[in-house]
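This briefing covers selected features of one protein model, grouped by topic. Please read it alongside the sequence and the structure shown below.

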Amino acid sequence: MTSDTSTAPSWSAPRAVPVSILTGFLGAGKTTLLNRLIGDPWLSDAALIINEFGDVGIDHLLVERSADGVIELSDGCLCCTVRGELVDTLADLMDRMQTGRIRPFSRVVIETTGLADPVPVMQSVIGHPALGQSYRLEGLVSVVDAVNGLATLDAHEEARRQVAVADTLVISKISLAANTEALRARLSALNPLARVVDAEDPDLDAKSLFDSGVYDPATRSMDVTRWLASESGAHHHSHEGHEHGHHHDVNRHDSHIRADTFVSEQAISPETLAMFLDLLRSAHGPNLLRMKAIVRLSDDPSRPLLLHAVQSLMSEPQRLSAWPEGAEEKTRLVVITRDMPEGFVAELFAGFAGDPGIGRADRAALVENPLAIPGAPVRR
Ligand SMILES: Nc1nc2c(ncn2[C@@H]2O[C@H](COP(=O)(O)OP(=O)(O)OP(=O)(O)O)[C@@H](O)[C@H]2O)c(=O)[nH]1
C-alpha cells in the first residue's frame with residue numbers, strides 16, 4: 001500500500017471520535033477495572049466494545065451497563081478472526097450515529113481479549129483509510145497483574161507487546177502481592193515512557209486513565225514502530241477472503257494454548273462444583289491459564305455463582321442476586337489452558353454437569369469409590 005502523506009488523514013482528525021483500547025493478559029483485571037469506571041460521568045456517552053476469546057461470552061454480561069451501550073465481539077480474538085468485525089462495527093456505529101439511529105457517543109472503549117496482540121487492533125483504527133477519518137486512537141491502557149505479571153511477561157510474547165505499546169500501565173492486585181519492585185523494573189525496561197498507575201487507587205478515574213492524548217507511534221520504542229509497520233500489510237493479506245469469527249486462531253498466539261467453552265442447563269450442587277474445581281486445579285493447576293464461569297446452582301438456580309481463576313489464584317466465588325439482564329439461565333464455563341490434553345476439561349465438566357461417561361471422572365466415582373483412600377477429604 002502506498003500512502004501520500006499530504007492527503008492522508010491526520011492522526012488527530014479534528015472531529016474524529018477518540019478510541020481507547022483496554023488490554024492486558026488473561027485475568028489481569030480488565031473487566032474489573034472497566035466495571036469500576038463505568039459509572040464515571042466521563043464514560044456516560046461512551047460505546048463499549050468487548051471482545052472475548054471463546055465461543056461463549058461472559059464478560060459482556062458482567063459489565064454493569066444497559067445492553068444498548070455494549071457491543072460484544074465474541075467467537076474469536078480481536079487481533080485475528082474478528083478484526084474485520086471490529087472494522088465493520090466501528091463503521092456501522094459511526095453510520096448509525098450520523099443517521100440518528102443511535103444516541104451520539106463521544107468516545108469508544110474497546111476491551112480486548114487477554115491474548116490479543118494489541119498492534120493489529122490499533123492498526124484497525126489508525127491504519128484503516130476510512131475509519132482513520134472518523135476515529136482516532138487515544139489512550140492504550142494495559143493492565144498487568146501484580147501477582148502473576150512477571151511470570152506472564154516471561155512466558156508470553158503477547159503480554160510483552162501489551163506492555164510495550166501502552167500509554168498507561170495499570171498494575172492490578174497490588175494488595176495481593178508481596179511487593180511490586182521487580183515487576184515495576186521489568187515494566188520500565190519494556191516501556192520506559194508509560195505512566196504506571198495502581199488499579200486499586202481510589203482516585204483513579206476514567207479521564208485520567210484513557211485521556212492520554214492522541215496515540216503517536218513515534219514516541220513508542222523502535223520495536224513498536226516496527227510492529228505497527230509490519231502488521232499493517234500482514235493482516236489484510238492473511239485474512240483476505242476468510243470468513244470471520246468462526247474459530248479462534250489459537251495457533252496465532254501459541255499452539256499450546258486452547259480455549260474451551262461449555263454450556264449446561266443442568267443446575268449443579270455447590271458440593272459437586274467444589275469437587276470439579278478441586279479436581280481441575282489439582283490435576284492441571286499450572287496449565288490452567290484462566291477460568292471464568294457463571295454457574296447455575298441447584299440450591300437456588302435464580303442466583304448464579306460467578307467464578308474466576310487466574311493460574312493458581314482463585315478469587316472468592318461471588319453469588320449474584322440474580323442472573324444478569326438478558327442472560328440465559330445456563331451455566332457457562334470458559335477455560336483457557338496450556339498443554340492440556342484435548343477433551344480433558346470437556347469430559348470432566350460433562351461428568352460433573354450430570355452427563356457422565358465411561359472412564360470419566362464424575363461425582364459418584366469420586367464419592368462412592370471403593371478404592372478411595374480412607375480419610376482423604378471428600379466434600380459432599
Ligand atoms: N484484589 C484484586 N483483585 C482483582 C483486581 N483486579 C482484578 N481482580 C480479580 O482478578 C480476577 C480477574 O479479573 P477480570 O477483571 O475478570 O480480568 P480480565 O483481565 O477481564 O480477564 P479476561 O477477560 O479473562 O482476560 C477477578 O477475580 C477479579 O476480581 C485488583 O486490582 N485487586
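Predicted model: local features only at pLDDT ≥ 70, side-chain atom pairs only at ≥ 80, totals over all residues.

A residue is called buried when its relative accessible area is under 20%.

- Helix H7 spans residues 157–164 and is mostly covered, with six of its eight residues buried.
- Those buried residues are Glu158, Ala159, Arg161, Gln162, Val163 and Ala164.
- The axis of H7 comes within 9 Å of the axis of helix H8 (residues 181–190), and the two cross at roughly 75°.
- Because angles of 65 to 115 degrees count as roughly perpendicular, H7 is described as roughly perpendicular to H8.
- On the H7 side the contact is formed by Arg160, Val163 and Ala164, and on the H8 side by Arg186, Leu187 and Leu190.
- By class, the residues of this contact comprise four nonpolar and two charged, with no polar ones.

- Strand S2 covers residues 46–51; six of its six residues are buried, so the strand is largely enclosed by the rest of the structure.
- In a regular strand, side chains alternate between the two faces of the sheet.
- Ala46, Leu48 and Ile50 point one way from S2, whereas Ala47, Ile49 and Asn51 point the other way, and all are buried.
- S2 runs parallel to strand S4 (residues 107–111), and five bridges join the two.
- Within this pairing, Ile50 stands opposite Glu111 of S4.

**Lys173, a loop residue**

- Lys173 lies in the loop between strand S6 (168–172) and H8.
- Most residues other than glycine have a negative phi.
- Lys173, in contrast, has a positive phi, near 60°, although this residue is not glycine.
- Lys173 counts as buried because its relative accessibility is 16%, and the cut-off is under 20%.

**Leu277, a residue of helix H12**

- Leu277 is located in helix H12, which comprises residues 270–284.
- With a relative accessibility of 9%, Leu277 also counts as buried.
- Leaving aside residues up to four places away in sequence, Leu277 touches Met291, Leu307 and Met314.
- Leu277 and Phe349 are separated by 72 residues in sequence, while their C-alpha atoms are 9.6 Å apart in space.

Definitions and conventions:
Residues numbered from 1 in each chain as written. Heavy atoms only, no water. Buried < 20%, exposed > 50% of the residue type's maximum accessible area, 1.4 Å probe, protein only. Helix = DSSP H or I, 4+ residues; strand = E, 2+ residues; numbered from the N terminus. Pairing = 2+ DSSP bridges. Axes fitted to C-alpha atoms, helices over the stretch in contact; angles between N-to-C directions. Parallel < 35°, antiparallel > 145°, perpendicular 65-115°, else oblique. Contact = heavy atoms within 4.5 Å. Nonpolar A, V, L, I, M, F, W, Y, C, P; charged D, E, K, R; others polar.
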